[in-house]
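This briefing is meant to be read beside the sequence and the coordinates.

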Amino acid sequence: MTRRHDIPPTAMDELRRNLERLKLEAMLQHLDAALDEASASEQGYITFLAGLVLKEVLARSDAGTARRLNAAKFPETKTFDTFDWTFQQHLNVQLVKDLMGLDFVAQGRPLLLLGRPGTGKTHLSLAYGHLAAMRGYTVRFYKASRLLAELYASLADDTTERLIGRLARVDLLIIDDLRDIPVRKEYATLLFDLVEARHLRKSTVVSSNLSVKRWGKVLGNPALTASMVDRLMERAHVINIRQGRSYRTEGPQAPPEHDRPAELSEPENDEA
Ligand code: ADP
Ligand code: MG
């Protein structure tokens, strides 16, 4: 191929200007090196062009991943690399691993993570979220209490529809830690509307230390919550770690057994 210094400077200038105009920044940045390499190794035109375009594709997917990870607003990074598969005796490891294929995200199916505090629900939801963002899906992580507060606040300035519309478009919405929180009577309707907007289209992960039966009481409207659970259960996967032990109080960083307060060893009575 033609050597770089054999190309007329005006042609090179025009090429650079056009790459810049088209915002093909990685191609622009790698142009000189790619031309040198092409002439040194006597590349054909197609090989040269394919290599240069690949630089642009790689740069953009890196930038896209960073953008998606940032937009997800994860409170911290947790991945499957740091997940101890042997710790939780009753965890359905096969199911957790199958779900790492992320078909449930592609198919817009819900995922429920149920279990006592410390059993790894948040870790798993963050790990799925991280994986999904890496694979090109848009993700948004919310603590349930924060999501409800934001939905409630949107009523005041009449932006609820816009907020729900925006959240309805996210490929994977994680609602972490639905628990006993001070209830406002609007919560059940707001959450129902959000779940309804995503139903059968986009995947929602909900984690909770409460049995699904108790969500109605938490959200203050058992009938409407039952309709919401109905939608969430349709085609849902459920990872149930209810028999699990807490990684916080029994994991490798936990205080030695004889120092632990006795009540922590008691199973949580949450089957109401
Ligand atoms: P939950 O959300 O169920 O209350 P978390 O996911 O927050 O529990 O887990 C509590 C802590 O223990 C976190 O730091 C988490 O990373 C860690 N953890 C829980 N389960 C595991 C596990 N199987 N392997 C490694 N770390 C774990
Ligand atoms: Mg949690």
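Which backbone oxygen lies 3.3 Å from a polar atom of the side chain of Q88? In this predicted model, that atom is the backbone oxygen of T119.

- Q88 belongs to the loop that runs between helix α3, residues 45-72, and helix α4, residues 93-99.
- Because its relative accessibility is 6%, which is under the 20% limit, Q88 counts as buried.
- When residues up to four places away in sequence are left out of the count, Q88 touches T119, I241, G244 and R245.
- Of these, T119 is also the residue whose backbone oxygen lies 3.3 Å from a polar atom of the Q88 side chain, while I241 falls within β5, the edge strand that covers residues 237-241.

**The sheet**

- Five strands form an open sheet in the order β2-β3-β4-β1-β5, and their pairing is parallel.
- The edges are held by β2, residues 139-143, and β5, residues 237-241, each of which pairs on one side only.
- On average, and with direction ignored, neighbouring strands of this sheet are turned by 10° against each other.
- Strand β1, residues 111-115, pairs with strand β4, residues 203-208, in the parallel sense over four bridges, and L112 stands opposite V206 in β4.

**Helices across the strands**

- Helix α7, which comprises residues 144-156, lies across β2 and β3, the latter covering residues 172-178, and runs at about 95° to β2.
- Helix α9, which comprises residues 187-198, lies across β3 and β4 and runs at about 150° to β3.

**The chain as a whole**

- The secondary structure of the protein chain amounts to 12 helices and five strands.
- The radius of gyration of the protein chain is 25 Å, whereas a compact globule of 272 residues would have a value near 19 Å, and the C-alpha trace spans about 80 × 50 × 30 Å along its principal axes.
- Of the 272 residues in the protein chain, 43% are buried.
- Considering contacts between residues at least 6 apart in sequence, 82% join residues at least 24 apart.
- The accessible surface of the protein chain comes to about 15,500 Å², and carbon and sulfur atoms account for 52% of that area.

Technical notes
Residues are numbered from 1 along each chain as its sequence is written. Chains are lettered from A and ligands numbered from 1 in the order in which they are written. This is a predicted model: local features need pLDDT of at least 70, side-chain atom pairs count only at pLDDT 80 or more; totals for chains, interfaces and linings use all residues. Side-chain values use heavy atoms; hydrogens and water are left out. Two strands pair if DSSP finds at least two bridges between them. Helices (H or I, at least four residues) and strands (E, at least two) are DSSP runs, numbered from the N terminus. Axes are lines fitted to C-alpha atoms, for helices over the stretch in contact, and angles run from 0 to 180 degrees between N-to-C directions. Contact means heavy atoms within 4.5 Å. Buried means under 20% relative accessible area, exposed over 50%, partly exposed in between (1.4 Å probe, protein chains only). A polar contact is a pair of N or O atoms within 3.5 Å; within protein, one must be able to donate a hydrogen and the other to accept it, and residues adjacent in sequence count only if both atoms are side-chain atoms. The radius of gyration is taken over C-alpha atoms; the globule rule is 2.2 Å times the number of residues to the power 0.38. Accessible areas come from the Shrake-Rupley method with a 1.4 Å probe; for residues, only the protein chains shown count as cover.
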